[in-house]
Amino acid sequence: MVDIEFVRSRFVKHFDGKTGNVYASPGRINLIGEHTDYNGGFVFPGAVDKGVVAEMRANGTEDTVMAYAIDLKDRVDFKLSDPNGPKASWSRYIYGIALEMKKLGVPVKGFNIAFSGDVPLGAGMSSSAAMESCFACGLNDIFGENKVSQWDMVLAGQATEHNYCGVNCGIMDQFASVFGKAGCLMRLDCRSREFEYFPFKPDGYRLVLLDSVVKHQLAGSPYNDRRNSCENVVKHIQAAHPEGKFETLRDCTWEQLEEVKDAVGAEDYKRAKFVLGEKDRVLAVCDALNEGDYEKVGEMMYKTHEGLSKDYEVSCEELDFLNDIAKENGVTGSRIMGGGFGGCTINLVRNDLYKKFIEDAKKRFNEKYGHEPKVYDVIIGDGSRKLC
Ligand code: GLA
């Protein structure tokens, strides 16, 4: 996690010398359940020990925000009343979340903010959700007497993506960032929003991320196209079954998907096929975890990778290569993690194979792409909180 004193020193230097309150929110991993959140399915994320730390303070103005992105050395001032908001992509998260918190009844006024993060950007670990939930936590505390519930902060973060950043994401990332708990993964039912903490201590195994360092950019990207494909399939199934209520692919069966196969076209069919399979795999992983059957967990992870690569088509050459290396090294489970189009693989690996796997992955990836993948050992950390 970013050092508080470092953030504080920048906050004091770039504004009026006064200190504020400091908040932290994490990025996330996801064991399994990819692209299921906006389809009403299950996800299995956990918060990580990397995140965003922000110092914030009301500045006495009606609606002027002075914001400093420490890592980018970029300062942007804007007014909350400006209907267009600021342009810099990082500042859209501050502008967006402030307006969404206002919609929830928080009387947000002008404030100063400086922040820094250590979630690798574009790695599929939700650096953007870490920002949204961190800023939401701060605004709720400074202006809202902490009256906004955790779930409403999750939804405010998601609405920020939809309304100000151009990504029609689901709720997994913001949920994990707000509700995370050290040592626990969480199984969330994205339709009912019920969730359960799962202590995750896989005896003899560990989770490690290999970052291909291929940038992923979800805004205005094929991510939204994937979501549209899923919604199109649901529309067709609903039309074929007017007696039923079909809101998302969660409500649809394999048989119903087959019925509309020709009508929806080959591409949308493949997308929905992946989602239905993934829905089943998350539940299979829960059972396997309850039984301590990590080999089964790993098997499901490889299946997810295959589906994400061939049917959902959100992988890329580099990630498929990392997945092959994992398989060849006897790694228990491996798959692309997060939205896709670059980023990381998540790997469940036996302790005794870890060293050789990492060495082999670094060497072969470097030979092929001219740089090593980055390696992040997963430590499951806490969710959004006030540090001081
Ligand atoms: C991104 C989105 C999430 C989720 C994942 C894929 O991280 O923000 O809502 O859809 O992709 O599982």
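**Figure 1. Overall view of the chain.** Buried residues, meaning those under 20% relative accessible area, as against exposed ones over 50% and partly exposed ones in between (1.4 Å probe, protein chains only), make up 60% of the 388 residues in the chain. The model is predicted, and local features need pLDDT of at least 70, side-chain atom pairs count only at pLDDT 80 or more, and totals for chains, interfaces and linings use all residues. Residues are numbered from 1 along each chain as its sequence is written, and side-chain values use heavy atoms, with hydrogens and water left out. The chain has 12 helices and 13 strands, these being DSSP runs numbered from the N terminus (helices H or I, at least four residues; strands E, at least two). Its C-alpha atoms fill a box of roughly 60 × 55 × 40 Å along the principal axes.

**Figure 2. Close-up of the salt bridge between E55 and R8.** The structure holds 27 salt bridges, each defined as a side-chain nitrogen of Lys or Arg within 4 Å of a carboxyl oxygen of Asp or Glu. In the one shown here, the closest N and O atoms of E55 and R8 are 3.0 Å apart. Because E55 belongs to strand β3 (residues 45-58) and R8 to helix α1 (residues 4-14), the pair ties together parts that are 47 residues apart in sequence. E55 counts as buried, at 0% relative accessibility.

**Figure 3. Close-up of the salt bridge between R364 and D360.** The two side chains meet with an N to O distance of 3.1 Å. Both residues lie in helix α12 (residues 351-369), where R364 and D360 are 4 residues apart and therefore separated by about one helical turn. R364 is partly exposed, with a relative accessible area of 24%, and D360 is likewise partly exposed, at 21%.

**Figure 4. Close-up of the salt bridge between R350 and D352.** Here the side chains meet at 2.8 Å, N to O. R350 counts as partly exposed at 33% relative accessibility, whereas D352 is exposed, with a relative accessible area of 54%.

**Figure 5. Close-up of a salt-bridge network.** Salt bridges link E267, K270, R271 and E313 in a network. Side chains of opposite charge can pair when their charged atoms come close.
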